Amino acid sequence: QVQLVETGGGLVQAGGSLRLSCAGSGRTFSNYVMGWFRRAPGKDREFVAAISWSSGTQNYADSVKDRFTISRDNAKNTVYLEMNSLKPEDTAVYYCAVGPAVAIVRSGLAQYWGQGTQVTVSS
């Protein structure tokens, strides 16, 4: 059974940093695109970032560009999201997503999803 488990969420003050991890099990994701989404209270789920299997292509939402960095370790079947200069509007549940192509993941049609980890940024 394929599972994606996110860790690293928590409470942080504005301007602070957090690093999220998403570890996959049940299959190898080295040939898949891995990404992150988030859902803030009362809002729709939104794309945050995605990274190609080779790490050669990275995509970011405009709202997080230059503050967040996505990376992956294929040997560990894990994707990371380094979040810096956090703002209260970054408060959300963050979800890991895996799919066969960047366009598919960005569109929200990822094949696999994690259960989410809460990130709360206080002002």
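Okay, let's start with a definition: two strands pair if DSSP finds at least two bridges between them. Strands themselves are DSSP runs of E, at least two residues, numbered from the N terminus.

Quick housekeeping. What we have here is a predicted model, where local features need pLDDT of at least 70 and side-chain atom pairs count only at pLDDT 80 or more, while totals for chains, interfaces and linings use all residues. Residues are numbered from 1 along each chain as its sequence is written, and side-chain values use heavy atoms, with hydrogens and water left out.

So, the sheet. Strand β3, residues 18-25, has antiparallel pairing with strand β8, residues 78-83, over 6 bridges. Within that pairing, cysteine 22 has valine 79 of β8 as its bridge partner. Strand β1, residues 3-7, also runs antiparallel to β3, and 5 bridges join the two. There, threonine 7 sits opposite serine 21 of β3.

Back to cysteine 22. Which cysteine does it form a disulfide with? That would be cysteine 96, with the sulfur atoms 2.2 Å apart; the cut-off for a disulfide is a pair of cysteine sulfurs within 2.5 Å. Cysteine 22 is in β3 and cysteine 96 is in strand β9, residues 92-99, so the link ties together parts 74 residues apart in sequence. The link is left-handed, at -80° about the S-S bond. A search of the whole structure turns up 1 disulfide.

Next, tyrosine 80, over in β8. Buried or exposed? Tyrosine 80 is buried, at 13% relative accessible area. If we take contact as heavy atoms within 4.5 Å, and skip residues up to four places away in sequence, tyrosine 80 touches Leu20, Ser21 and Trp36, among others. Glycine 15, on the other hand, is 65 residues from tyrosine 80 in sequence and 19 Å away, C-alpha to C-alpha.

Last one: threonine 117, which is in strand β11, residues 117-122. Threonine 117 is buried too, with a relative accessible area of 10%. Its side chain reaches the backbone nitrogen of glycine 9 at 3.3 Å. Leaving out residues up to four places away in sequence, the contacts of threonine 117 include Thr7, Gly8 and Gly9, and also Ala92, Val93 and Tyr94.

One thing to keep in mind while you look at the strands: in a regular strand, side chains alternate between the two faces of the sheet.

How values were computed:
Helix = DSSP H or I, 4+ residues; strand = E, 2+ residues; numbered from the N terminus. Buried < 20%, exposed > 50% of the residue type's maximum accessible area, 1.4 Å probe, protein only. Polar contact = N/O pair within 3.5 Å; in protein donor to acceptor, adjacent residues only side chain to side chain.
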